[in-house]
Amino acid sequence: MEIIEKIKTNKSDGNLTEIQKICLHKLQSSPLPNPKSELWRLSNKSKLSTFLDYSVNEKDSKFDIPYPKNSQSTIRLIIGDNCQTKLIEKNYSIEQLSDDELQKYIKEQISFFKQNENWSDLLNLSLSCKNNILGLKINGSKIPPIEIFSHASSNSLNAKTLVIFLEKNCDVELLQVNLGKENSSLSQSTFFCLKENSSVNHGVVSYGENRSNLLNSLNVIQQKNSAYNLGSLHFKFNYARFEISIKQSAGNAKTNIKSMQITKKDEQISTYTKIEFNGPNGFLDQINKSLADDKSHAIFEGSIIVPKIAQRTDASQLSRNLLLSNLAQIDTKPQLEIIADDVKCKHGATISQLNEEELFYMRTRGITLTEASKLQLSSYFQEIISFIPISKDKWDLLDKLLNEN
Amino acid sequence: MVNENLVKDVVKEPYKYGFVTDIETEKIEKGLNEDIIKLISQKKEEPKFLLDFRLKAFKRWQKMKEPDWAALGYEKIDYQDIIYYSAPKQKEKISSLDEVDPKLLETFDKLGIPLTEQKKLTNVAVDAVFDSVSIATTFKEELAEHGVIFCSISEAVKNHADLIEKYLGTVVPASDNYFAALNSAVFSDGSFVYIPKGVTCPMDLSSYFRINSGDSGQFERTLIIAEESSSVSYLEGCTAPMFDTNTLHAAVVELIALDDASIKYSTVQNWYAGDEEGIGGIFNFVTKRGKCLGKRSKISWSQVETGSAITWKYPSCLLLGEESVGEFYSVALTNNLQQADTGTKMIHIGPKTKSTIVSKGISAGNSKNSYRGLVKMGTKATGSRNYSQCDSMLIGDQASANTFPYIKSQQPNSEIEHEASTCRISEDQLFYLQSRGIEFEEAVSMMVSGFCRDVFNQLPMEFAAEADKLLALKLEGSVG
């Protein structure tokens, strides 16, 4: 693990930014997460070490975007592309954050970091060079949809960071696509700050090729009356972790999450979510779906934290899992930690395989077993996919998933 | 609106089992080392295999670390500051109940467990354990007629050493966890039950555990073996006096059910919970596990946990036999500064195994109540099913309720369903009941009792009524 050695000895070449130095310093005492901690307990150690085995690549090579830009109105950005973004229109503006603004915000976030909980972010920020950090300030309404791409090239580890400020009363659709090449590692950290009355439909689609790895972390802070909707899909990674942390800083905000992970072969994909309500009247509706086939392993751990101040919180979390093979395994752990008494909180979890009665019904109607299974799977996938913004119009994710199966 | 002041004024029933029996006791010195273990073993005139078992467990324990993963906070326990053996002084051998110190009989009388011939409960056989020793076991002869062995574990070690040697530590090995290792090294007394093949135990069996001294811990061990096609219902109750120090209770319970056997294990745990400031109370660290070894065997745990300052308890089922069934019904109530981290583990190993978990947590005052459970489907558990339901009720805005279910499946032909919810006593419902002329406290108690109904239905008759009353008492004055 070359990277860890470098962190330990602090022998990094080139000029480091102040943030990189802070994060390296934080990592030095314990460069790897504690494998016994709840968040890393089930994580495959050898896969994590494979993730760290590649050397860091700061330059970006060309890559194929999975679908053409067929509409003029979509704004497309690629992290690391060195693009200068400044769009000021009548209704809206999208500007890059100044270095000062970026530094200030990231430093503030780092001050809240915990070694195990935010290890992926610490690693990301210690590796992400200035070019690979994209900071955006979005303001206004009627903003065209935004697509942001992150990409890892073969035989290397790429670290990309995205910081987005959504100003007051702003409303936007944003799709983040993370692509991994063969034998690559991508470390992607995203920081979202939703100011009052803003709302975002956020989509995250991550998929890799043979033996690609991903550490994807998403940190969202929601101010009052903001709405955050997340639709996410992770598939085709040898090893992937999706860590979501959402804080409703003063309550009175809405969060909707629909996430899905699909694992095959010997892949391991996990989703960890932590939703904190730091004020009253918060709302959460979360569903996570997993599908595990072959010898793969899918993990979901979700925690909902409702302190005393968060009265009248309404939170629900559902974990639905399909286990399709004798050698695959699924771990799920939905959690509730509640102190406020005037709350409505519930969670549920199921693990099963495709419904045999439904399959039988369809077969009696002349549909083949393969077709019937596909139909069932498509309804299973559709709930999540239809929640992912932008892509649904021009990118047939459902087809892609079904054909992969 | 519910009048908050009313809450504070409502009667607070003192812990009525908090008295101390003034009796001459024999205690060994404080501390834990090999000599102490040898001394305990010698006092109990144990065979060599048991001493070896204890010493081996002690060695393991020394290498282990106290677990800290539970959502509990308590001061570090000084294991050298505990007396590991304490027994009321009495004649060497007791041939009948008449020879038992009347003070002891009186104590159990006061606790509602009369042991004497005239008063003893008619349909329940009782094994009464006082500190480290078993005082008396009722209905022994009647049970023996059916071939049922029901005695203290010390007696079983002497009279049924073969069974003890064969089964002790097979369900909860000494190396299982820190507190199980500690118990295996120093366990004092407890109950032993053996139900022979084809026998349905003619009456309920019951153990009553009483801690009397404030500086000695209680480490009882219970072993229940149900042979093929037998069945038994076992009840367990516990109380302790009020001391301002914390007393350690680390018990191990092992159940073994062979083909078609069924064991029902019910607990009403009412150890002293400490006062309102959280001073005193029992630290209750218990390892309970049942092994459904045989085909179609069934183990059912039902528990009402209302006492103890700290509860750390996860009655579990290992479902090995084909079509075996595991059940867990629990009501855990915490008030004031009590902390409970309790739940169950259902490990599905054999095919077509089934398990049901119903857990109801009620947290009031400044207490902390966590459900922690594991459901695991092994690779061979085809056609297995689990259903879990965990509901929490919060009373007051200082209490906390947590749910930590761990679900793991390696078998596609199995189904796991889990649901959890959190609610509070709704003002609308309270208003409705009060408008029908039902007193405030009674309305609360009715709602709590309704909330726990699923679990109370599983308790044996005598216990269910008791549990209902117990909850009402414990909760009085905590609703706001």
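How many residues of domain 1 of chain A are in contact with domain 2 of chain A? It's 13, and they meet eleven residues of domain 2. Here, "in contact" says that the C-beta atoms of two residues, placed from the backbone, lie within 7 Å. Before we go on, know that this is a predicted model, where local features need pLDDT of at least 70, side-chain atom pairs count only at pLDDT 80 or more, and totals for chains, interfaces and linings use all residues. Residues are numbered from 1 along each chain as its sequence is written, while chains are lettered from A and ligands numbered from 1 in the order in which they are written.

Let's stay with chain A. Its domain 1 covers 2–249 and its domain 2 covers 354–405, with bounds that come from an automatic or database domain assignment. Their centres, taken over C-alpha atoms, are 30 Å apart. On the side of domain 1 that touches domain 2, β7 (171–180), β9 (199–207) and β11 (227–235) of chain A each give two or more residues. (Helices are DSSP runs of H or I with at least four residues, strands are runs of E with at least two, and both are numbered from the N terminus.)

Now look at where chain A meets chain B. The contact uses 29 residues from chain A and 27 from chain B. On chain A's side, β18 (329–338) and β19 (344–352) give two or more residues each, and β18(A) gives the most, with ten. That strand also pairs with β22 (residues 400–409) of chain B: they run antiparallel, joined by six bridges, and a pair takes at least two DSSP bridges. Find A:T332 and you'll see it stands opposite B:I407 in β22(B).

Next, the inside. The largest nonpolar core has 234 residues, and A:V306, B:V193, B:A226, B:A257 and B:I263 have the most contacts inside it. Such a core is a set of buried Ala, Val, Leu, Ile, Met, Phe, Trp, Tyr and Cys residues joined through C-beta atoms within 7 Å. "Buried" takes 20 or more other C-beta atoms within 10 Å of a residue's own, with C-beta atoms placed from the backbone. Strand β10 (residues 246–257) of chain B gives the most to this core, with eight residues. Among the residues that B:A226 touches are B:I195, B:V232 and B:I263.

Finally, find helix α8 (residues 178–186) of chain B. Eight of its nine residues are buried, so the helix is largely enclosed by the rest of the structure. Its cover includes α2 (34–43), α3 (48–63) and β10 of chain B.

Definitions and conventions. Buried ≥ 20, exposed ≤ 12 C-beta atoms within 10 Å, placed from the backbone. Lists of a residue's contacts leave out its neighbours within four places in sequence.
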